[in-house]
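Here are a few exercises to work through with the model open beside you. Try each task before you read its solution.

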Amino acid sequence: MMVKGRFFRNSLILILVISSIPGIIVGGIIYGMTGGWLENALLQLHKNQILQRAANIDDQFSYMETSLAHWAFDPKFNSNLYETNFYRDFEIARDITKTLNIMLGSTPLAKQVELYLKGTQTIRFYPEYDVITNAQTIESYSQFLDQDNLVFWTTFASDLNSPDKKDLTLVHKIPGVDMHPFGALFIRLNEEKATNLLKTLTPYNVGETFVMQSGGDVLLSSSKEPQSIAFDEALKSEVLHRGGKSGSFLYESNKSMYTVSYGTFQRVGTEWSYVSASPISVITKPVDFISKLILSVSFAALLLAIVLSWFASRRIYSPIDRLVTILTGSRPLTGSIGEQHDEFKLIEKEWLHLWRESTTLQNKLEQQLSHVKEGFLLQLVQGFLYAYSEEDLRERMRNFGWVVDDRQFVVMHIHLTGFTNLEGRFAQGDEGLITFAAANIIEELSQNRLEQVDVINFHDLSMGLLIMLPSNPSYKIELHELSDEIIQAINRILKLQVSISIGKPSTTIVQIPSYYEEAKQALSYRKFENENQIMNLDSLNLEEETTEHHYPFVLEREIIQMIRTGQQKDAMYLIKSFLEALLERGAKEIDVQQGMLQLLGSILHAIRHLGMDPNRVFRSANLYEQLAQIREPRKMLNWFEQKIIQPFIRELESRSDVQLKKVVESAMIYLQNHYMKDISLDSCADHTGVNAVTLSKLFKQVTGTNFIDYLTELRMEKAKELLRETEQKINDVAVKVGYQHSYFNRIFKKHVGVTPSHYREMSRDIQT
């Protein structure tokens, strides 16, 4: 066994000090605090709790008063009730019964809510409708209408056969704004709930509490036992004798000392007083026991701390001892006689030596792992290694086994299309599997033709190739032949189409990320068709590839119309026609994507105009990002149907105002079919089956614009379309959109900013 060093001795002393001194100090302080100060603090805390809980009770009663006042001024309880025939107007009676039930449910302390009406008939809602014929019952309710106060508290018998059993009741005359009320609302207090609420004024569940009026009549009490009633009477006499709104005092009864707190509740029409009494012995009982217990425990803890400190120091030192033994082997810990070494300095020295050897071995191991090369290439082409210099990158690639001196670097981006046309061969989610298979095919074909080539698998139907070629010979023919071979193999084996973009050659490694990004972006200029395509950036002029394409505004408007009216099949048919219109004349991928993104924006704008939140309808999905990732026409149509149309239709059908919106949509369809005629709001209202005023309001509410502005905008769009796409005379265009020639020129210039003839000239200039 090794000789213990400096650490063991220091740790033993430190543990003894840390474990002993705080226990002594804390024990002494707590023992000193368990005297009169702690007892007074507990009593004061008890009084504060009484005040807080009394305030809570006061809030409960205030809430009941405020709630009743709110309902008393409700239009349901206006002067019309005086002459209402509830037999005939049973719906009013049912509405009042429902309202009373709501009042009962919203008032926690209420037992019963009643409505008494002394009009053409004497009626009571209890809460159901009932005609009162008993004179005694009428007299018991009518007495409260003679009170001077509009709202007040009283005690009221719920059963005339038991007049002694009365409920504490809050009364509010109705109507609240009339000088001659003919009825009243009654809220009877639930005595059990009120009693439980009063018990909160005795925090230790021992003692008595009650509420009385200013004259001394007890309204509520926490106990009905004879002994408790006698105790309450004695307390009531003492409180009335002392007087004052609030206060506290000590009261002795049956050789027990009580702490008594009392205060007032300001209620409408009256003033209540609460009295709470709790035994002091219950409050301060823990103090005596704790003071003795703390002293005993403190001394025991001190002795235990000494024993545990010795034991803990040995346990703490045990792993240090084992570690030193492992690191030093048979070497002794001590040097010269009487000299003791620091264990941690020895451990640090030996650990640094082992760390250097481990790091060297780890670096050698990493250089032998093939997947590290793939990770390096992935970081390189994605631009994550921008902080490295050219020489650093070349050195790392040399270490991985690549020959990079006197080489030119070419990148290729390969994307597979036609996945949705496989007709059951693969399921959604198999993209990674297909990409893996294609990457293996491409790697085998590339290595047969080229000396240094590496495949990068992105697992999303796309791959990258990094090719290292000698700097002098031409490479174009070889790369095109390799591209053709890859296309033929993928077509034959996987039944997919291939789009290949060949990047520009680079003589430096630091240029590879930017050149690869250009190669990826170049595919956006491919034809948006499921066909094989090869694009060479070294000979491709992207500016010449960018041409002006016609955007089908009419189809967009019709799609929006079908979506608004919930016609899913027609909407999808029009979206398909919209995509086909974009694909005319060999449209590029970037043109089709921009057109479909614009259509998506218009649909979302229309959905928001319908009063819906797109984030809620589509669950906060990033729709623009999802659409931008789609590179196949059929997959794009499926996405629109599943991700846009179907969720919107479900939301539209679940909304309660869908019928109103369909009325407006019917009006909009009518306008689009008859805009060239003399249309008015009245004629459109006759067509939809609603009156003109209602149609105007609904039109503004649903579309966000008024009727005439929508019709004018529709006619202007039709006029611009005729001016752009036909050679008809201005007069003929005006007639076809429902205007006279002179008025057409003025309104067209007002809305478009130029005259019709000028607009036609501008359109021709853009097309040429």
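**Exercise 1. Helix 16 and helix 20**

Which residues in helix 16 meet which residues in helix 20? Then describe how the two helices pack.

Solution. Keep in mind that this is a predicted model.

Step 1: list the contact. From helix 16 come Gln-568, Met-572, Ile-575, Lys-576 and Leu-579, and they meet Pro-633, Met-636, Leu-637, Phe-640, Glu-641, Ile-645, Gln-646 and Ile-649 in helix 20.

Step 2: sort these residues by class. The contact of helix 16 with helix 20 divides into nine nonpolar, two polar and two charged residues.

Step 3: Two packed helices are described by the angle between their axes and the distance between the axes. For helix 16 and helix 20 (residues 633-654), the angle is about 150° and the axes are 11 Å apart. Their crossing is right-handed.

**Exercise 2. The other partner of helix 16**

Describe how helix 15 packs against helix 16, starting with the angle at which their axes cross.

Solution. 

Step 1: read the axes. Those of helix 15 and helix 16 (residues 568-582) come within 9 Å and cross at roughly 160°.

Step 2: Angles over 145 degrees count as roughly antiparallel, so helix 15 is roughly antiparallel to helix 16. The crossing in which helix 15 passes helix 16 is left-handed.

Step 3: name the residues. Helix 15 brings Leu-555, Glu-556, Glu-558, Ile-559, Met-562 and Ile-563. In helix 16 they meet Asp-570, Ala-571, Leu-574, Ile-575, Ser-577, Phe-578 and Ala-581. By class, this contact has nine nonpolar, one polar and three charged residues.

**Exercise 3. A pocket and a cavity**

Find the second largest pocket and say which helix gives the most to its lining. Then work out which residues line the second largest cavity.

Solution. 

Step 1: take the pocket. The second largest pocket holds about 590 Å³ of space. Of its 21 lining residues, the closest to the centre are Glu-556, Arg-557, Tyr-710, Glu-713 and Glu-717.

Step 2: trace the lining to helices. At least two residues each come from helix 15 (553-564), helix 17 (589-609), helix 21 (658-674) and helix 24 (707-725). Helix 24 gives the most, with seven residues. The lining of this pocket has six nonpolar, seven polar and eight charged residues.

Step 3: By class, the second largest cavity is lined by two nonpolar, no polar and four charged residues.

**Exercise 4. Backbone details in loops**

Where are the prolines Pro-127 and Pro-175 found, and what phi does Asp-406 have?

Solution. 

Step 1: start with Pro-127, in the loop between strand 2 (122-125) and strand 3 (129-131). A cis peptide bond joins Tyr-126 to Pro-127, with omega about -5°.

Step 2: move to Pro-175, in the loop between strand 5 (166-174) and strand 6 (183-189). Here a cis peptide bond joins Ile-174 and Pro-175, and omega is about -10°.

Step 3: finish with Asp-406, which lies in the loop between helix 10 (390-399) and strand 12 (407-417). Its phi is near 55°, a positive value in a residue other than glycine.

How values were computed:
Residues numbered from 1 in each chain as written. Predicted model: local features only at pLDDT ≥ 70, side-chain atom pairs only at ≥ 80, totals over all residues. Heavy atoms only, no water. 1 Å grid on protein atoms, 1.4 Å probe; cavity = no way out; pocket = protein on both sides within 12 Å on 5 of 7 lines; lining within 4 Å. Points joined across faces, edges and corners; volume = space filled by probe spheres on them. Helix = DSSP H or I, 4+ residues; strand = E, 2+ residues; numbered from the N terminus. Nonpolar A, V, L, I, M, F, W, Y, C, P; charged D, E, K, R; others polar. Axes fitted to C-alpha atoms, helices over the stretch in contact; angles between N-to-C directions. Parallel < 35°, antiparallel > 145°, perpendicular 65-115°, else oblique. Left-handed = near helix turned anticlockwise from the far one by under 90°. Contact = heavy atoms within 4.5 Å.
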